[in-house]
Amino acid sequence: MSSLDVDDLAERLRSATVLPVLRAPDRAAALEQVQRCVAAGLPIVELTTTTEGWEQAVREVRASWPALVLGVGTVLEPAQAQAAAAAGAAGAAFLVSPCPVPAVRAQAAVPLIEGGFTPGELLDATSRGIAKLFPAHVGGPQLLRSVLAVRPAARIVPTGGISLDAAPVWLAAGALAVGIGAGLLDHPDLAGRLSRPA
């Protein structure tokens, strides 16, 4: 797919409501998880650099599902950002970090969802684009509401310790989308649960 800017990515995330964070042990498991996400109708996924063979997985996902919006997460170093952008026909459409990463930010060729936990870190990240609240379960939806009270238009994706069943609470609190990892693909009605609460 063609490259996205931050606003395009935000709209894709808002529409998807859920960002699957696929922390697979290896390339084969990552591809199997992506296949299941696509089958459930998820239009966007995040692979992580903690997966053995993640660069090859990115290339294979890009080749097999060119319309899928593919991100690479747990990006902590500029070399990982460069590898993510170079993998496959167009590489990753976006990057995700779990914490502030100024060195990555300076070199990122695609939108970066930069992580933060404190209000200062989150407000700083949202001043440039989309922020990732991590680990979200520690502060809970009230932390998100407090940050949004200061900057109502902030675009924040909470991730970490959130189940699919809890996603509507986070969306109601103002999350752009919700990052969900463990347990997402085990949900018996994944396709039926992917909607934003009214």
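This is a predicted model: local features need pLDDT of at least 70, side-chain atom pairs count only at pLDDT 80 or more; totals for chains, interfaces and linings use all residues.
Residues are numbered from 1 along each chain as its sequence is written, and side-chain values use heavy atoms, with hydrogens and water left out.

Let's begin with the sheet. Eight strands make up an open sheet with parallel pairing, and their order is β7-β6-β5-β4-β3-β2-β1-β8. At the edges sit β7 and β8 (178–180), each of which pairs on one side only. On average, neighbouring strands here are turned by 30° against each other, direction ignored. As for the names, helices (H or I, at least four residues) and strands (E, at least two) are DSSP runs, numbered from the N terminus. Two strands count as paired if DSSP finds at least two bridges between them.

Now zoom in on β3. This strand pairs with β2 in the parallel sense over five bridges, and V45 stands opposite L70 of β3. Is β3 covered on one face or on both? Both: V69, G71 and G73 are buried on one side, and L70 and V72 on the other. That makes five of its five residues buried, where buried means under 20% relative accessible area, exposed means over 50%, and partly exposed is in between (1.4 Å probe, protein chains only). In a regular strand, side chains alternate between the two faces of the sheet.

L95 has L112 as its bridge partner in β5.

Helices pack on this sheet too. Helix α3 (residues 54–64) touches β2 (44–48) and β3 (69–73), and its direction makes about 175° with that of β3. Another helix, α6, lies across β5, β6 and β7, running at about 155° to β6. Those angles run from 0 to 180 degrees between N-to-C directions, with axes being lines fitted to C-alpha atoms, for helices over the stretch in contact. Contact, here and below, means heavy atoms within 4.5 Å.

What about the inside? In soluble globular proteins, nonpolar side chains tend to be buried together. The largest nonpolar core here has 53 residues, and L47 and L95 have the most contacts inside it. Helix α7 supplies the largest share of this core, five residues. A second, separate core has 16 residues, including L19, I44, L176 and A177. A core of this kind is a set of buried Ala, Val, Leu, Ile, Met, Phe, Trp, Tyr and Cys residues joined through side-chain atoms within 4.5 Å. Leaving aside neighbours within four places in sequence, L95 is in contact with residues including V72, V75, A81, V104 and I113.

Beyond its neighbours within four places in sequence, V34 is in contact with L22, V45, L47, V61, W65 and L68.

A straight helix of 15 residues would span 21 Å at 1.5 Å a residue, but α7 spans only 18 Å between its end C-alpha atoms; the expected span is 1.5 Å times one less than the number of residues.

In the loop between β6 and α7 you'll find P135, and the peptide bond from F134 to P135 is cis, with omega near -10°. T17 isn't a glycine, yet its phi is positive, about 70°. T17 lies in the loop between α1 (6–16) and β1 (18–22), and counts as buried because its relative accessible area is 2%. T74, in the loop between β3 and α4 (78–86), also has a positive phi, near 55°.
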